[in-house]
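The entries follow the order in which I looked things up.

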Amino acid sequence: MARMFPEEGRYRVAIEEIRPRVDGGRFPIKRTVGESVMVEARAYTDGHDRLRCLLRHRREDGARWHETPMEPTINDWWRAEFTVPDLGNYLYTVIGWVDHFLSWRHDLDLRTEPDDIHVALLMGAELVRHAADRATGADAEILAGLAEVLATGEDLEARLALANGTRLGQLMECHADRSLASVHPQELVVTVERERARFGAWYEIFPRSCATTEGAHGTFSDCEQRLPYIAEMGFDVLYLPPIHPIGRIKRKGPNNTLTAGPDDPGSPWAIGSSEGGHLSVHPALGTLEDFRSLVASARDHGLEIALDIAFQCAPDHPYVEEHPAWFRHRPDGSVQYAENPPKKYQDIYPFDFETDDWQGLWLELEGIFRFWIEQGVQIFRVDNPHTKSFAFWEWVIASIRRDFPETLFLSEAFARPAVLHGLAKRGFSQSYNYFPWRNTKQELTAYFTELTRGEGREYLRPNLWPNTPDILPEYLQFGGRPAYMIRATLAATLGASYGIYGPAFELIDNRAREPGSEEYLDSEKYQIRHWDLQRPDSLRDYLARLNRIRRENPALQHDWNLRFHAVDNEEILGFSKTWGDGADAILVVVNLDPVHVQSGYVEVPLEEWGLDPARPYQVHDLLGNSRHLWHGSRNYVALDPRAGAAHVFRLRRRVRTEHDFDYYL
């Protein structure tokens, strides 16, 4: 029987377990422009020969690999990093080979007998001659000359010095024998997005509630007049719920009642009527030109417009008649409305992603994104993506990014963990998450350790929202103004990206529709609200202070640098973020109890932060603008939620003494 051999059996280096990778390389990892990717791989060979491993990386649309030497760490692990300077996809992998020159050098250092050393130098000279054959030009001549000296030189010590010299080592590294190099079979992908995918403060508002006259329907022009108010609070993104015509058939009334009055505006998420669908704007809001004006004006105020994309239809959406195959039908021939028993949404028809015309449906929905991108929108908040096809999301996000790499997608998926993570893997830039329901010290510590330390951090970027139009958590319902300040502080400092639904948040709207419900009473989802933005108890100044702190301190613009610190009180949460060489160090201490004064000792990692235990250091509270002189690793804090439930300290390592005074001699 004929023996079967591999195509090449002399490859001796095994390369395994490249990290990071998601689901074995099925999905990309994520970074933003300018960030680095630290790559690790396990690489080993038989015997005692020395290895050389290189990290290879390039743009997906580029032809030339860049190579970075990897350094060995422990247990056959190797490490190197590269930076991703531009938007788009990058590839990375690992190559390794047995380096006979390094192995020879290692063994040469162990030899002591002159005759033994002489023979070893002859063997080294042969390796250098082979390298000269691989090289060209001046390098080839230099290597040939060095090989001759190694082989025939009369001074043994000089030959040894040459063998271990930097010049020879550099030339041999440059012209290494890679003929039997092993290359990991996978080329892993990193998707690179712009900074806003990593860092930003979002503000959600209903344009129809922006009118200055109570009871009037707001317009895009009214929304423009609101921009200075939002910009002064320091937000980066202005997120608008759907702005399209609202269906009249089965329209919902106030507080989600089944019967709407003639003047009830309905839910913006019940999209489409005789006035148009997903490519139209509600006539009461204005025109497409008015919308483009809003986008441009927002940009002038340092704001980006994020638009809600809800792929569903009201019963009178034009799609229902034009494309009946895109919807499921009941036995009586009627279109199946959305249900999540016992809840029923008679005013919404979901698309059927199992339709025979799925390609036509996909193209139409992709066209909706492209249309609004043409109007100047670069950020989309996607409503309930977990109720649509995962294959569709992976396809459409990749398709849009190929042509518009600056486009960002926020997933509103308050779903099971596997589903939430699955959508993030398939391309969503950011994701809503379980933050609204994580309130205790143990819950917050465990959840944010998972988000910032777990494997999911490579692809899931959390966007933290204390409230949304759908979610008024119990903590906010009963904790009063301090609860809102606590949750805003946590969202703004635990996460690099966060958002609030306003003006409900800064005006402390904590009225639930009924006991046990997280729905707002008189919710803007079903009616127009008029807000008194000048109320003296507004949190607008507090939010502006938080956002200014975030912008001025790079440490708060990242997620992975989060560290929790021990505090001997379960109602006080302590954590820090540092950046760069540690010059920007932020320590946050929050009282989680919105009612009672809480106190305790917070542990400071002196050694990690480069602090001398024998010297005092100063902490500057950026929220209250107070300064405190601390000593040692344990320091006392007391937080009264009525006066200020949190400290956001900036660390100053050096405290001046009399030696810093000009006249000190």
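I began with the second largest pocket, whose lining divides into 20 charged, twelve nonpolar and ten polar residues. Here Ala, Val, Leu, Ile, Met, Phe, Trp, Tyr, Cys and Pro count as nonpolar, Asp, Glu, Lys and Arg as charged, and the others, Gly among them, as polar.

The model is predicted: local features need pLDDT of at least 70, side-chain atom pairs count only at pLDDT 80 or more, and totals for chains, interfaces and linings use all residues. Residues are numbered from 1 along each chain as its sequence is written, and side-chain values use heavy atoms, without hydrogens and water.

I noted the terms: on a 1 Å grid over the protein atoms alone, a cavity is a set of points where a 1.4 Å probe fits but cannot get out, a pocket is an open set with protein on both sides within 12 Å along at least five of seven lines, and lining residues have an atom within 4 Å of a point. Points are joined across faces, edges and corners, and a volume is the space filled by probe spheres set on them.

For the second largest pocket I recorded about 1100 Å³. Among its 42 lining residues, Arg31, Thr452, Arg457, Glu458 and Trp560 lie nearest the centre.

I then turned to the largest pocket, of about 1400 Å³. Ala338, Asn340, Tyr345, Asn384 and Thr387 are the closest to its centre of the 38 residues in the lining. By class I found 16 charged, 13 nonpolar and nine polar residues there.
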